[in-house]
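These notebook entries set down what I looked up in the structure shown here.

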Amino acid sequence: MDGRVITMKGPADFEKMAVAGACVAAVHAAVRAAAVPGVSMKELDAIANQVIREHDCRPSFLGYHGYPASICASPNSVIVHGIPDGYKLRNGDVLSIDAGAIYEGWHGDAAYTMAVGDVPDEVARLIDVTEQALWNGIAQAKAGKRLGDVGHAIESTAAPYGYGVVREYIGHGIGRNMHEAPNVPNYGKKGKGLKLKTGMALAIEPMFNLGGAETALLDDGWTVVTADGSLSAHFEHTVLLTEKGSVVSTLPEPKLVDA
Ligand code: MF3
Ligand code: CO
């Protein structure tokens, strides 16, 4: 993620990122609807791949550093980058799905966590608070603000609940590549860090654990789990900093973030 910040040059570039973003939103809607007890991770991946192709996009994850699937499917104590396998969902599971699409060279990247069936209140709260942290981070992702404002908003959303805020995996710039400069940490100090400018695009992605923040990498080289086996939640959107304000691209319709 090193290197210079690549920016969108005008409406045509924004438009392509919006198409990629709408595709990712469609993937998420389809996978969410299909994620019921008995369905396997591989089946969800096949659905995602089909939706991406129906939108005339390409799956950005497939083949990325050798990654073998179109989505990441991360159940329970898997934080991120779970490879879709034969695991079948059970009532009470917590499932994180991450998806990315490319349209005419421009990227969209988003993730969410859902409860499969019934989960205890404390688990539902983890999911809700992680999503709220994403939106609190997005609210700071504006031209003139700094990356520390984004990270601080996310981190301070977790603080009252004592959740482990994952530090080893972070958000990123996005545009012509899935991962570009700058790094977008889920922690930081208000008023510190890179100043945000119109034309930038950021993938903001808090990961909160019910237990500690420590992570472990499984032998497959991809699957990131909580070191203590606790449950984890992950939410991500792609945010475009336009002249009219910041726009979340990875929704069915681009959403202007209120000033
Ligand atoms: N979308 C993930 C991210 O948010 C990256 C997925 S890694 C891949 O950064 F290998 F699955 F593509
Ligand atoms: Co991302």
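The model is predicted: local features need pLDDT of at least 70, side-chain atom pairs count only at pLDDT 80 or more, and totals for chains, interfaces and linings use all residues. Residues are numbered from 1 along each chain as its sequence is written, and side-chain values use heavy atoms, leaving out hydrogens and water.

Helix 4 covers residues 147–158 (helices are DSSP runs of H or I, at least four residues, and strands are E runs of at least two, numbered from the N terminus). Its buried residues include Leu147, Val150, Ile154 and Ala158. I noted that they pack against helix 3 and strands 6, 8, 9 and 10 (contact means heavy atoms within 4.5 Å).

I then turned to the largest nonpolar core, which has 53 residues (buried Ala, Val, Leu, Ile, Met, Phe, Trp, Tyr and Cys joined through side-chain atoms within 4.5 Å). Helix 3 gives the most to this core, with 7 residues. Val27 is among the members touching the most others; leaving aside neighbours within four places in sequence, Val27 is in contact with Ala48, Val51, Ile52, Ile71 and Ala99.

My last entry concerns Asp13 in helix 1, which counts as buried at 11% relative accessibility. Not counting residues up to four places away in sequence, Asp13 touches Met8 and Trp106.

Methods. Chains are lettered from A and ligands numbered from 1 in the order in which they are written. Buried means under 20% relative accessible area, exposed over 50%, partly exposed in between (1.4 Å probe, protein chains only). The expected span of a helix is 1.5 Å times one less than its number of residues.
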